[in-house]
Amino acid sequence: MSKTINDKSQLHQFYTDPKGASLEKTQYRLDEHSRRFIAASPFLILGTHGDVSPRGDPPGFVKVLDDNTLIIPDRKGNNRLDSMSNIIADPRVALIFLIPGINETFRIRGEAETTTDPIPLEPLSINKKSTNSGLLIQVREA
C-alpha cells in the first residue's frame, strides 16, 4: 500500500536539496538568450489551472514586448476556449518553449490576460491574416 505525501516537509525527506545550475538559471526578466530562444521556437505548451494547450506557428510567432512581457497570438482552433476561460478564473500560467532538434527547453511562469488591442496584435499577423485576440504574459520567473 502506498503512503501519500501531504506536505512539503514530508516531500523533502525523499529528495536532496537542489544545487548549482538548477538554482542559478532562474531569472526574473527576459535576457538576450531568452529572447533568442523564444524567437527560434515554433512551438510552446501553455499550462493553465486545469489545462495544457499546444500553441504553434512559424518561429517568432511569440513576440517579446519588453523584459517582462510577451504576447502570444490566439489562432483559430477548436473554439473550446479552455485555456482562455481558465485564465479569466486564475491568471497564473506556465509556458514551455521547444525548438525541434534542441534538447533544451525554456520555461516561463507568469500571469496572463487576454487582449483584443490591435496595437500589440498587428505584428502577429501571418500572410496578412490578423488574429482577433492574444495572450499578454507578464513574466514572473524564467
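Predicted model: local features only at pLDDT ≥ 70, side-chain atom pairs only at ≥ 80, totals over all residues.
Student: What is the strand order in the open sheet?
Tutor: The order is S2-S1-S5-S6-S7-S4-S3, giving 7 strands with antiparallel pairing.

Student: And which are the edge strands?
Tutor: Strand S2 (51-56) and strand S3 (63-66), each of which pairs on one side only.

Student: How much are neighbouring strands turned against each other?
Tutor: By 35° on average, with direction ignored.

Student: Let's take S5 and S6. How many bridges join them?
Tutor: There are 6 bridges, and the two strands run antiparallel. Across this pair, Phe 97 stands opposite Phe 106 in S6.

Student: OK, helices. Where does H3 lie?
Tutor: H3 lies across S3, S4, S5 and S6, and its direction is at about 70° to S6.

Student: Which strands does H4 lie across?
Tutor: S1, S2, S4, S5, S6 and S7, running at about 125° to S2.

Student: Now the largest nonpolar core. Which residues touch the most other members?
Tutor: Leu 70, Ile 72, Leu 95, Phe 97 and Ile 108, out of 22 residues in that core.

Student: Which elements each supply at least two residues of it?
Tutor: On the helix side, helix H3 (32-40) and helix H4 (82-89) do. The strands that do so are S1 (43-48), S4 (69-74), S5 (92-98), S6 (106-115) and S7 (133-141).

Student: Back to Ile 108. What is it in contact with, leaving aside neighbours within four places in sequence?
Tutor: The contacts of Ile 108 include Leu 30, Ile 38, Leu 70, Val 93, Leu 95, Phe 97 and Val 139. Glu 141 and Ala 142 are also among them.

Technical notes:
Residues numbered from 1 in each chain as written. Heavy atoms only, no water. Core = buried A, V, L, I, M, F, W, Y, C linked by side-chain atoms within 4.5 Å. Buried < 20%, exposed > 50% of the residue type's maximum accessible area, 1.4 Å probe, protein only. Helix = DSSP H or I, 4+ residues; strand = E, 2+ residues; numbered from the N terminus. Contact = heavy atoms within 4.5 Å. Pairing = 2+ DSSP bridges. Axes fitted to C-alpha atoms, helices over the stretch in contact; angles between N-to-C directions.
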